[in-house]
Amino acid sequence: MTVTDLAGNKQHRSRMFLTLAEAKRELAKEVSGRNPNAGMTLTQWHERYWPAIAASVRVGTARGYDVSWRKRVQPTLGDKKLEEITSPLIESAMVSWAGSPSIKVDSLAVLSRLLDGARRARIIDYNPAREVKRPSQDTSTSPTSRALTVQQIRKLLELIPAGVYRRYAAALVFTGMRAGEATAQRVRDAELEQNILRISRSFSPGKNGELIEQSPKSHKEREAPITKQLRPSVIEAIKGKERDDLLWAGPNGGRLTARNFRRAVDWEKIKTELHRPELRVHDLRHTFATILFDAGASAPDVQAVLGHSSLQVTERYSRAREGVARRAGSVLDGLFEPDKPKPKKNTKKSSKTSGAKKSRRSSASPNLADPFGVPFNDPFGTAGYSTGHGNGPRMAQGRGGLGL
């Protein structure tokens with residue numbers, strides 16, 4: 001640190017601190033004392049730095065950040081000087097922030113971006129928002145809990161009149177596309193010979209409600225299967241259209257978005273009929289991912305089809321951990337129970353018994369059959385479809401189950 005000696009000269013002296021955080025805070029004070037912008041408030045810095053943040057994120061993300069700033073961050077921390085903002089101060093502010101854990105995470109994210117920019121500008125020495133623990137997500141709103149059952153999927157489609165809106169709903173639930181991705185699809189993206197839909201762009205509403213075309217959220221092109229349930233809708237959707245026309249267009253050929261879809265199909269009535277008052281259009285994507293896992297698809301393949309950025313996000317849709325307590329209990333029961341004599345197997349089988357068992361195996365068990373009329377391990381009728389080796393889905397050679 002810098003000190004002033006008796007002659008008025010500036011000299012550097014070493015000083016010991018108990019923790020690295022204390023050392024950083026002391027250094028930040030010294031740096032801010034020499035910085036002409038040290039007295040700048042968070043609001044003043046936001047006015048200067050916000051254009052850089054808005055230009056570095058997707059339009060939808062910038063819109064969410066803007067709401068979080070105006071409703072939560074600015075009212076609680078906007079008048080604080082950058083050098084005065086500490087992690088305990090941020091934690092105290094978060095207590096008063098209204099909204100779900102995910103909304104608070106967004107608010108903390110925009111604050112952290114602002115402070116990161118101030119650190120790079122040498123206004124502060126470190127970003128205290130990085131020391132704050134992110135609010136944990138509510139398990140009651142996990143993706144698997146929001147997914148529809150197969151029976152609810154059927155009822156959902158029955159509640160929507162045949163036509164463009166039912167086809168749009170089918171595209172969302174049978175491919176896992178985001179609503180904006182379905183809105184941006186063109187006829188040329190449907191390859192019926194390969195049974196795939198190419199997803200390479202997305203529409204997102206801008207700050208003033210205008211639709212802005214951009215890359216998908218993962219910034220990667222991917223492919224989704226055209227299942228047996230979706231294929232008729234795709235065929236109907238491309239009738240009489242040119243290659244560059246919108247695939248899932250509205251009744252008059254315009255863009256069909258989640259907002260005008262909800263209004264057209266009376267989404268509130270559908271939620272009531274399904275007894276799902278919290279149901280969102282985005283939950284159709286959760287449904288597709290969850291059922292893929294239930295059907296036996298691997299996490300990397302589900303990740304490829306959905307376009308997730310990481311396996312950690314994808315595995316939230318798996319129910320694999322839901323039965324862990326029951327399975328663990330069975331293992332312990334088997335360990336502590338006294339050994340029991342195992343019944344001898346009867347090696348003699350009559351032809352009549354063997355024939356009966358063979359007949360039972362050949363018939364579809366109600367517990368292993370999907371209501372759509374295809375095997376349980378292939379609920380969407382995608383047998384023979386494979387993602388290949390991480391390069392996106394492709395047609396598999398030979399026979400198999402789901403193959404995703």
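Helix α12 (267–274) is followed by His275, whose phi is positive, near 60°. Helices here are DSSP runs of H or I with at least four residues, strands are runs of E with at least two, and both are numbered from the N terminus. The model is predicted: local features need pLDDT of at least 70, side-chain atom pairs count only at pLDDT 80 or more, and totals for chains, interfaces and linings use all residues. Residues are numbered from 1 along each chain as its sequence is written, and side-chain values use heavy atoms, with hydrogens and water left out.

Within α12, Trp267, Ile270, Lys271 and Leu274 are buried. Buried means under 20% relative accessible area, exposed over 50%, and partly exposed in between, with a 1.4 Å probe and protein chains only. Glu268 and Thr272 are exposed, on the face of α12 turned away from its buried side. The cover over the buried residues of α12 includes α7 and α11.

Trp267 also takes part in an aromatic pair. Its partner is Phe261; the pair is tilted, with 5.9 Å centre to centre and 55° between the planes. Rings of Phe, Tyr and Trp (its six-membered ring) pair if their centres lie within 6.5 Å; planes under 30 degrees apart count as stacked, over 60 as edge-to-face and the rest as tilted. Phe261 counts as buried because its relative accessibility is 0%. Trp267 is buried at 5%. Ring pairs link Tyr168, Phe261 and Trp267 into a cluster.

The structure holds 3 aromatic pairs. Trp45 and Tyr49 form a stacked one, because their ring centres are 5.1 Å apart and their planes at 10°. Both residues belong to helix α2 (residues 42–56); they are 4 residues apart, so about one helical turn separates them. Trp45 and Tyr49 are both buried.

The largest nonpolar core has 39 residues. Such a core is a set of buried Ala, Val, Leu, Ile, Met, Phe, Trp, Tyr and Cys residues joined through side-chain atoms within 4.5 Å. Leu156, Tyr168, Leu197, Leu230, Trp248, Phe261 and Trp267 have the most contacts inside this core. Elements giving two or more residues to this core include α7 (150–159), α8 (164–175), β4 and α11 (258–265). Helix α8 supplies the largest share, 7 residues. Leaving aside neighbours within four places in sequence, Leu230 is in contact with Ala170, Ala171, Phe174, Thr175, Leu197, Pro225 and Trp248. Contact means heavy atoms within 4.5 Å. Another core lies apart, with 29 residues, among them Tyr49, Trp97, Leu108 and Leu114.

Strand β4 (residues 196–199) runs antiparallel to β7, and 4 bridges join them. Two strands pair if DSSP finds at least two bridges between them. Leu197 stands opposite Ala224 in β7. Strand β7 (residues 222–225) is covered on both faces: Arg222 and Ala224 are buried on one side, Glu223 and Pro225 on the other.

The protein chain holds 17 helices and 9 strands. Buried residues make up 41% of its 404 residues. Of the contacts between residues at least 6 apart in sequence, 62% join residues at least 24 apart. The chain exposes about 23600 Å², of which carbon and sulfur atoms supply 51%. Accessible areas come from the Shrake-Rupley method with a 1.4 Å probe; for residues, only the protein chains shown count as cover.
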